[in-house]
Amino acid sequence: MATSATTAPAAPTGGRRITDHVLLWFVLRRLAALLMLLVGITLIAFLLTHLVPGDPVAANLSQQAVSDPEIVQAFKEKNGLDKPLPVQYVKYLEGLTHGDLGLSQQTQKPVTEDLGEFVPATIELAVTAIVISVLVGVPLGILAAIRRNTWLDQVLRVVTLSGVSVPTFWLALVSYYVLFFKLGLVPGGGRLDPGVDPPAHHTGFYTLDALLDGDPGLFGEALRHLLLPALVLAMFTISLLTRFTRASMLEVLNNDYVRTARAKGMPERVVVFRHVVRPALLPILTVFGVAFGSLLSGTVLVEKIFSWPGIGQYAYNSALALDLPSIMGVCLVVAVIYVGINFAVDIAYGLVDPRIRAT
């Protein structure tokens with residue numbers, strides 16, 4: 001008995017070590033793939049931004065300055081445009097290893113400093129939109145699957161089909177025109193009303209910073225400005241999540257173990273929330289990563305329409321001025337966020353489903 005008691009616990013410990021090793025190897029493989037992907041993104045973005053038609057010298061200097069060869073040469077030397085493209089790319093990668101994204105040609109400040117000013121506004125907008133999307137889209141998808149082929153399901157299918165079909169910029173223009181210009185129900189553009197001082201900088205999120213300052217009035221003001229652009233941005237994702245959740249739920253509802261649970265007399269509420277919702281939500285993790293990426297890409301036009309001072313506005317102004325370091329910085333930030341979200345989704349998927357770790 002003593003021997004059995006001392007040797008029995010050894011098996012689970014070894015099993016845990018093997019599981020931890022497999023999980024660690026899974027994470028390292030995903031990290032290596034992520035790094036290679038980011039290097040590939042920098043190469044493609046660099047080539048696209050430097051080969052696009054247009055002259056950054058003419059876009060950033062006055063007509064009088066462009067006619068002066070010395071000024072043009074000084075501009076090229078300052079921004080590294082006088083060197084061959086491969087040399088420029090290698091120098092850009094060297095700068096990246098030191099956290100240097102170059103100097104913005106329009107603001108004359110380091111791109112990292114500009115991004116630190118604009119990125120929090122976009123993250124606040126995108127995070128609010130994705131939270132709204134999950135809180136609304138997933139329950140609607142579950143409801144549509146439970147009430148399959150009823151009038152409620154039909155209405156939700158029409159609404160969500162419209163939601164994924166309507167362009168986000170069109171929805172932003174119409175909602176802004178009707179709710180602000182015609183009805184006056186929402187505030188104008190920007191993160192705060194004109195003349196209102198922003199909260200002290202803690203995180204860059206005005207709503208959170210206002211709460212940290214203990215200023216509920218300023219929090220309400222920031223929230224009023226945030227809600228409409230976030231709702232517009234979330235409409236596509238709400239529709240996408242609703243449709244995917246419904247389809248995934250219906251697939252699980254047709255499984256034998258669900259019919260067995262119902263045959264045993266288990267209440268429908270218990271069958272749905274204990275045996276159906278969790279496995280049905282696993283594919284939604286993948287959709288979540290893609291949806292967050294689409295939110296970031298959709299912020300460019302939404303920020304322009306709502307005068308939201310985020311990286312969408314920054315990217316728009318940089319593209320007009322052919323500010324190559326700024327365009328590269330925006331591409332890199334969006335890529336890192338997008339890839340980081342998908343990496344977290346991959347890890348979460350691997351933790352939930354052990355079969356994924358072995359692939």
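A salt bridge here is a side-chain nitrogen of Lys or Arg within 4 Å of a carboxyl oxygen of Asp or Glu. By this rule the count is seven. This is a predicted model: local features need pLDDT of at least 70, side-chain atom pairs count only at pLDDT 80 or more, and totals for chains, interfaces and linings use all residues. Residues are numbered from 1 along each chain as its sequence is written, and side-chain values use heavy atoms, with hydrogens and water left out.

**Stop 1.** Select lysine 109 and aspartate 114. Their side chains form a salt bridge, N to O, at 3.6 Å. Now check burial: buried means under 20% relative accessible area, exposed over 50%, partly exposed in between (1.4 Å probe, protein chains only). Aspartate 114 is buried at 1%. Lysine 109 is partly exposed at 28%.

**Stop 2.** Select glutamate 221 and arginine 224. Their closest N and O atoms are 3.2 Å apart, in a salt bridge. Both residues sit in helix α11 (residues 216-253), three residues apart, about one turn of the helix. Helices (H or I, at least four residues) and strands (E, at least two) are DSSP runs, numbered from the N terminus. Glutamate 221 is buried at 14%; arginine 224 is partly exposed at 41%.

**Stop 3.** Select aspartate 256 and arginine 259. This salt bridge has its closest N and O atoms 2.4 Å apart. The two residues are three apart in helix α12 (residues 256-263), about one helical turn. Aspartate 256 is exposed at 54%. Arginine 259 is partly exposed at 43%.
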